[in-house]
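This briefing is for a reader new to the structure. Please look over the sequence and the model before reading on.

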Amino acid sequence: MHSQVIAKQELAAFVENLLRQGEVVGVRRKDGKYVFDKIGSPGELCLDYDVTVLSPKEYFLPQREAFLKFELAEAIKAEPITQAQRRIILGVHPYDIKAIQLMDAVFSKDNPDPNYFRKREAATIIGVDCLNPSPHAFCASVGTATAESGFDLLLTDIGAEYVVAIGSAKGEELLQKHAKTRDASDGDLSKGKTARDEAARKYQLSAPVSLDQIPRLLEENYDHPLWEELAQKCLSCGSCTMVCPTCVCFDVQEDVALTLTTGERYRQWDSCLLEDFAKVATGENFRQHRSTRLRHRYFRKGKYMMERFGIQGCVGCGRCITACLAEIASPVDTYSRLKGGS
Amino acid sequence: MKPKVAFFDFTGCEGCQLEAINFEQELLDIISAVDIVNFREAMTERSDDYDIAFIDGAISTERDIARIKEIRGRAKILVPIGACACIGGINCLKNFYSMDEALKIVYGDDAKYYDTIPARPIDAVVPVEHYVRGCPMTQSEFLKVVKALLQGKRPDIPNYPVCVECKMAGNVCVFEKGETCLGPVTRAGCGALCVSNGRICWGCRGLVDNPNADSEKEILKKHGLSVEQVLSRFRMFDGYSEVAK
Amino acid sequence: MTMAVSTKEEALYLPRLAELIKVEQLTEREKLFEFAFKDGGELGHQPGQFVEVSLFGIGEAPISISSSPTKKGSFELAVRRIGNVTTALHQLVKGAAVGIRGPFGRGFPIEPLKGKDLLFVCGGIGLFPLRSLINYVLDNRNSFNKIIILFGARNPKERVFVDDLARWAAREDVQFMETVDVGDETWAGHVGVITTLFPDFEIDPGKTMAFIVGPPVMYRFAIAEAKKKQLPDEQIIISLERKMKCGVGKCGHCQINGAYACQDGPVFTYAEVKNLREAL
C-alpha cells in the first residue's frame with residue numbers, strides 16, 4: 001500500500017469531481033450532531049467529526065429494502081430486486097470500516113447475500129482517520145482506532161494537507177483521475193502516524209479487558225445477577241442495536257397494493273432487544289424476559305460473532321452508550337461490572 | 001364480493017374520519033376495493049348492513065355504550081381508529097376530575113342538561129379485532145389494516161417503541177437536545193413522525209404491550225420533570241392506562 | 001469488495017414455484033399438503049430439513065418436510081393452522097401455487113444410522129419432521145437394525161398421520177407403541193404422557209440412536225428417560241423450533257446462543273445442545 005498527499009483545497013476539487021461522477025454520501029451536521037447523508041457540494045462535508053448518529057450501514061443494509069416483487073394475477077410471477085446505486089461514501093471512520101468488514105463476513109458466510117453484495121460492490125469507501133474521538137468511544141482499546149484495509153482510500157489530516165492511503169485499485173484509479181496529489185514522503189507518513197497516535201490518547205474510555213478475554217468473561221457470567229439488574233432499567237427500545245454499526249438482524253414483511261394484484265417482500269432492521277424478536281406463531285417466546293434479550297446482545301457482540309465469523313462484534317464506537325437513555329448499554333461498564341470492578 | 005364498510009363517530013374531533021377522506025392517491029383504490037355504506041362525514045346514504053365498522057372517538061356517555069354494543073352486534077369486524085377510540089386519548093383527561101366537576105367546567109350552568117361518564121376506549125366496552133392508532137390515525141396503518149382485512153390476514157402492527165423508527169430515521173434523540181419524550185414506551189408505526197419534524201413524542205399511539213414505564217418515569221425525572229409533570233405527560237393520551245395513575 | 005454475485009446467489013431469496021397437487025385433512029387444525037415443482041425438479045432434501053413456504057402477498061413461513069426423500073416427483077408438508085401464512089395455506093385448494101425456498105438447515109444424520117437400532121420418540125406434531133426419516137428408514141429397512149417408534153398425542157382427536165401409524169403398528173419389523181395424554185370413549189389404548197411408554201421397551205445403548213421431536217416442554221422429560229436407558233448424549237438427536245425469517249443464516253432470529261437453528265440445526269445432538277443454554 002502506498003500513499004499520496006492531497007492539499008486541503010485540492011480535496012474540495014476532488015470532491016467536486018466525484019460529485020460529477022455520481023452520488024456522494026458524506027458526513028454533515030444535523031441538530032448539533034453528525035450524520036451520513038447525500039451531499040451536494042464539498043462545503044457541506046465535515047471530516048473532523050467525532051461520531052455520526054448512525055453508521056453508514058444503511059448504504060449496505062437499508063432500514064427498509066424490498067428484495068422481491070411479485071404479481072398475483074392468474075399466474076403468479078416473482079422476481080428478485082437486487083440492483084444497487086453506484087455511490088461514493090466519504091469520511092468513514094476506521095471503526096465503521098471494521099464494522100463493514102464484519103458485515104462482509106456475516107453476509108458472505110454460507111450463503112452470499114445478493115442484495116448486500118450488489119450494494120457493497122457499487123460502493124467506494126473513502127475513509128478518514130478519527131482524530132477527535134467521541135467521549136463515549138473506546139476504539140483505541142479494541143483495536144479499531146485505525147484501519148489497514150477495508151477502504152478504497154483513507155485520509156489522515158496532517159494540517160494543511162491529508163495523507164491519502166490507497167487501499168484498492170479502484171481507489172487508486174479514482175485518485176489518479178480526479179485528484180491533484182503528490183507522492184507521500186516519509187515525513188508525511190510520520191506526520192500521519194503522529195496524528196493517529198495523538199488521537200489514540202484522546203479516548204476517554206477503554207475496555208477493561210482485552211478482546212480475547214471477553215468471550216470467557218461473558219461465558220463465566222452467563223447467570224450473573226447483573227443481567228437482571230440491568231433489565232430492570234432496560235426499555236427494550238432497541239436503540240442500542242439500531243445505532244450499532246455491527247447489528248445486522250432483519251425482519252421480513254410483505255406489502256401488497258390495495259388491488260391485491262402486485263406486491264413486494266421487504267426486509268427491515270430488527271433488534272434482538274425487542275419483545276417479539278424470538279417469538280414464534282404459536283406464541284412461544286424463546287427470549288421472553290428482558291434480561292435474556294439484553295444478555296443476548298452482549299453475548300452476540302462479545303462472544304458469538306467472534307466464534308462464528310472470527311471478527312469482534314463490537315468496534316467501540318460508543319453509539320450505544322449515547323443512545324441508551326437508561327444508561328445500561330455500555331460494554332465498558334458492563335464488562336467492568338462482570339470483571340468485578342465498581 | 002366487496003366487504004361493506006361503515007364509519008361511526010363517538011367522542012372526538014372526527015379528525016380520523018377526515019384522515020380517511022384525505023387519502024389522495026389511494027382513495028379510488030379504497031373505494032373500488034370496499035363498499036362504503038355508512039359514513040356520516042362523507043356521504044348521505046345510511047345502511048345498517050355492514051361487515052367492517054371503523055370507530056372514531058371514545059366512549060363517554062351511557063348512550064355511547066348502548067350504541068357501540070349495537071354496532072358490535074352488526075359488524076363482523078370492529079376496528080377503532082385513532083387515539084380516542086383505541087386508548088381513550090385526550091378525552092380521558094377529564095377522568096382525573098369528578099364527573100360533576102367536569103360537566104360544570106365545560107357546560108357551566110347548563111351542566112344539568114348533560115350526562116357524562118369517565119371516558120374510555122372502545123375495547124373497554126366491546127371486543128375489537130384490530131386497531132388503527134395515532135392522533136390523528138396513522139394513514140399508512142389504516143391502509144395496512146384494510147389490506148389485511150381484504151386478504152383475511154392479521155395485520156402486522158409493531159409491538160416495539162417509537163425509538164426503533166426514530167433511530168431508523170436518523171434523528172438526533174430529543175433527550176440529547178435537552179427535551180424529553182414518550183418514544184421509549186410508545187408503540188411505533190408512525191415512522192417517528194413528530195420527532196422527525198422537530199417535535200417530541202407525546203405517546204398518541206398508546207403503549208407497547210409490555211412497556212417499562214417505571215424506567216421511563218425515572219428517565220423523565222432524571223431529565224428534570226417532576227413527578228406531577230411525568231404523570232401529566234402520560235395523561236395527555238394515555239390517561240386511561242395504569243401508567244398514568 | 002470483489003465478490004461476484006452468481007446467478008444462484010441472485011436467487012437466494014427467490015422462491016421456486018410449486019403446485020399444490022393434493023390436500024389431506026389430518027386433524028381439525030392440521031393438513032397435509034403435497035407439492036410438485038412447476039419446473040419439474042426435485043426438492044432434494046434430507047429428512048429433518050425445512051423449507052420456507054411463500055404465500056405471495058401474505059408472507060413466508062418455515063415448515064419442516066414430512067415426506068421421505070425416497071418419494072420422487074413431489075414432497076409433502078404437514079402444517080398446523082396457526083399464523084397468517086399457515087392460515088392462508090389451509091385455504092388453498094388443489095392447483096394453487098406457492099413459493100418454496102430450500103431445503104434449508106442440517107437434517108438428521110443418515111449414514112451413521114446404518115446397522116444401528118433406532119428409537120423414534122414423536123410427540124404430537126413432532127411427528128411431522130420425523131415422518132420423513134421414519135419412512136426413509138422403512139423404505140431402506142435392510143440397512144437398519146431394530147426399530148422402535150413411540151407416538152404420543154394429547155388426545156385421540158390430535159393423532160396425526162393415522163394411516164402411517166396403522167401401517168407401522170402392523171409391521172412385524174417395527175416395535176410400535178402409542179399413547180394419548182387424555183383418552184376418550186373412542187380410545188382403548190395406552191393413556192399417559194409419552195414418557196410412560198419408556199418402561200415398556202429395552203434398548204441396547206451401545207448401538208441405539210434416539211430421535212426425539214415434540215413440543216418444547218417434552219424434551220427435558222424424554223431426554224431424561226433416554227438417559228435412564230444409558231444412551232450417550234451423542235446418540236440422542238432432537239430438532240428445535242425457532243423463529244426463522246431468512247432461512248439462510250442472515251436475519252438472526254433463530255439464534256440459540258451462538259448457533260443458528262437454520263444453519264447448524266434444526267437438528268442437534270443432545271451433546272451439542274447441552275452447551276447451548278437457550279436450547280431447552
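**A sheet in chain C**

In chain C, six strands make up an open sheet with antiparallel pairing, in the order β4-β3-β6-β1-β2-β5. Strands here are DSSP runs of E with at least two residues, helices are runs of H or I with at least four, and both are numbered from the N terminus. Two strands pair if DSSP finds at least two bridges between them.

The model is predicted: local features need pLDDT of at least 70 and side-chain atom pairs count only at pLDDT 80 or more, while totals for chains, interfaces and linings use all residues. Residues are numbered from 1 along each chain as its sequence is written, and chains are lettered from A and ligands numbered from 1 in the order in which they are written.

- Strands β3 (residues 50–55) and β6 (residues 97–104) of chain C run antiparallel and are joined by four bridges.
- C:S54 has C:G99 as its bridge partner in β6(C).

**Chain C as a whole**

- Chain C has six helices and 15 strands.
- Its C-alpha trace spans about 55 × 45 × 35 Å along the principal axes.
- The radius of gyration of chain C is 19 Å, which agrees with the value near 19 Å for a compact globule of 280 residues; this radius is taken over C-alpha atoms, and the globule rule is 2.2 Å times the number of residues to the power 0.38.
- Of the 280 residues in chain C, 50% are buried, that is, with 20 or more other C-beta atoms, placed from the backbone, within 10 Å of their own.

**Chain A against chain B**

- The contact involves 30 residues of chain A and 29 residues of chain B, where residues are in contact if their C-beta atoms, placed from the backbone, lie within 7 Å.
- On the side of chain A that touches chain B, β3 (33–38), α8 (239–242) and β11 (250–256) of chain A each supply at least two residues.

**Domains of chain B**

- Chain B is divided into domain 1 (4–151) and domain 2 (162–244), with bounds from an automatic or database domain assignment.
- The centres of these two domains of chain B, taken over C-alpha atoms, are 24 Å apart.
- Domain 1 of chain B gives 17 residues to the contact and domain 2 of chain B gives 13 residues.

Terms used:
Two residues are in contact if their C-beta atoms, placed from the backbone, lie within 7 Å. A residue is buried if 20 or more other C-beta atoms lie within 10 Å of its own, exposed if 12 or fewer, and partly exposed in between; C-beta atoms are placed from the backbone.
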